[in-house]
Amino acid sequence: MKFAYLALALLVMTPGALASNKPDPASDLKAFQGYFLKRFPKIPLAAYVNGPYDFSKSERAQWKQIMEFPPYQFALDHGRKLFEAKFPNGKSYAACFPHGGIGIAQNYPMFDPKTGRVVTLGIAVNRCRVANGLGKLKLTTGPMADILAYMTDTSRGKTIDVTVPDNPKALAAYQAGKQYFYSRRGQLNFSCASCHVQAAGMHLRGNVLAPALGITASFPLYRSKWGNMGTLVRRFIGCNKKVRSVPDKPDSAAYRDLAYFLTSMSDGLPIAGPGARP
Amino acid sequence: MKSLAIALVLGFLPVAALAATKADIEAGRKIATTTSLGNCDACHMFAGADEAGNIGPELKDVKTMIPDRKIFYAIIYDEPARNPRTLMPPFGRNAILTPKQINDVIDFMYTK
Amino acid sequence: MKPIVAILIALALPAAASAAGATKASAAREIALAKPKLRVAASMNDQWTPTVAALKQAETAERKGDFATAQAKAMRARKLAELSIAQAMQQKKLWVNEVPR
């Protein structure tokens with residue numbers, strides 16, 4: 001143990017090691033996107049927001065049919081009503097966000113230098129509620145998913161831009177999210193990357209595993225298996241349970257950081273949410 | 001700990017290798033196709049699997065594929081120890097299946 | 001001192017493992033041994049759902065006076081917690097191997 005500390009101290013003191021150990025989101029992004037583009041040369045970068053539908057003709061055909069009457073339409077309309085409704089104090093969500101909350105989803109999750117933490121769009125909505133004397137909404141489904149569906153819809157087609165600022169706490173959050181993404185966990189010993197990088201596009205039973213690239217772009221989404229809307233954090237919880245790992249709390253640092261890393265890996269892709277999945 | 005695991009592995013092998021009964025094979029089939037147990041068909045195609053996945057290799061003519069039962073046991077028990085990049089869960093090491101259950105799965109797969 | 005304790009525990013284990021010999025005291029002891037391991041696993045952010053389930057089953061069985069089941073499930077919970085701790089420790093080094101380059 002003592003030796004480990006000594007080794008760590010030596011590493012930290014070596015300038016070269018320090019430079020190579022500092023998180024480098026820009027080169028990570030290049031390697032991450034490059035990996036998928038090289039592995040699936042027929043799929044253009046922007047098409048990754050289609051997730052499993054790039055890999056299964058039958059699912060894609062079904063999806064096209066479903067999208068004639070999008071299953072998230074009801075949530076979208078409801079979300080708009082909720083978003084535009086006045087709080088008891090006369091204010092509304094719009095006052096809490098730049099541009100009145102319209103067309104900003106592509107910039108979330110965002111690092112908040114004041115608290116030193118990552119803020120997802122859902123957590124920002126809850127902050128707004130608390131600031132206006134209201135209680136927090138559940139971050140996984142229900143009214144929150146509907147509000148996020150509306151806000152995300154106003155960003156549809158806009159380019160995801162989650163740039164990690166050169167701030168030690170932001171970089172630490174990014175790095176923590178990255179480590180979470182690649183760490184195997186649960187009794188079944190899977191990492192997020194096991195399924196969504198290594199086995200991307202393959203079949204787990206009848207389901208195509210969506211590539212991690214572009215995966216955040218369609219959230220929140222209507223999942224037929226759920227029968228309703230769900231946010232990205234709902235999916236995190238589901239994946240954790242599937243590998244037999246106790247999920248984190250929806251507003252935990254672990255999930256904030258994971259969303260931060262994962263979304264930043266889709267920088268440059270268009271927002272495609274709300275979405276629909278099997 | 002490791003030697004204990006090895007002893008356990010070795011201890012179970014000859015017994016199961018003696019003769020696979022119909023009951024063993026049927027138990028193995030059940031384990032291989034039950035989500036909460038082996039869930040083999042989530043990733044592997046094999047005859048009789050329903051909506052099988054394709055993450056792992058197809059299990060066909062398994063006796064030729066893995067003639068050595070000890071190696072087959074090791075693959076199911078702890079494939080990451082043999083191949084760190086594998087996606088196959090360490091069914092024995094992580095106590096997902098018991099040694100008896102692993103042997104039943106082997107008996108079943110050897111009929112494929 | 002420590003090795004002696006470890007040997008004593010190791011010697012005690014086979015006896016404890018036989019559920020037939022389980023008593024109210026031995027079941028309670030196994031549950032008490034499992035709990036700190038679960039806390040460590042949780043603190044490493046790698047608790048397994050079957051671990052939590054096994055401890056819950058142990059406590060339910062204990063309340064019902066089924067000490068054999070309580071003891072066996074507590075031992076399983078501890079084993080699984082230890083496995084998850086080992087996994088979390090290994091992953092601190094191994095996770096980098098999964099990063100695409």
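Modeller: Helices here are DSSP runs of H or I with at least four residues, numbered from the N terminus. Axes are lines fitted to C-alpha atoms, for helices over the stretch in contact, and angles run from 0 to 180 degrees between N-to-C directions. The model is predicted, so local features need pLDDT of at least 70 and side-chain atom pairs count only at pLDDT 80 or more, while totals for chains, interfaces and linings use all residues. Residues are numbered from 1 along each chain as its sequence is written, chains are lettered from A and ligands numbered from 1 in the order in which they are written, and side-chain values use heavy atoms, with hydrogens and water left out.

In chain C, helix H2 spans residues 24-43 and helix H3 spans residues 49-64. Their axes come within 11 Å and cross at roughly 155 degrees. That crossing makes H2(C) roughly antiparallel to H3(C), a label for angles over 145 degrees. The crossing of H2(C) and H3(C) is left-handed, meaning that the near helix is turned anticlockwise from the far one by less than a right angle.

As for the contact (heavy atoms within 4.5 Å), H2(C) contributes C:Ala28, C:Ile31, C:Ala34, C:Lys35 and C:Leu38. On the H3(C) side, these meet C:Thr51, C:Val52, C:Leu55, C:Ala58, C:Glu59 and C:Glu62. By class, the contact of H2(C) with H3(C) has 7 nonpolar, 1 polar and 3 charged residues. In this scheme Ala, Val, Leu, Ile, Met, Phe, Trp, Tyr, Cys and Pro count as nonpolar, Asp, Glu, Lys and Arg as charged, and the others, Gly among them, as polar.

Methods. Helices (H or I, at least four residues) and strands (E, at least two) are DSSP runs, numbered from the N terminus. Angles under 35 degrees count as roughly parallel, over 145 as roughly antiparallel, 65 to 115 as roughly perpendicular and the rest as oblique.
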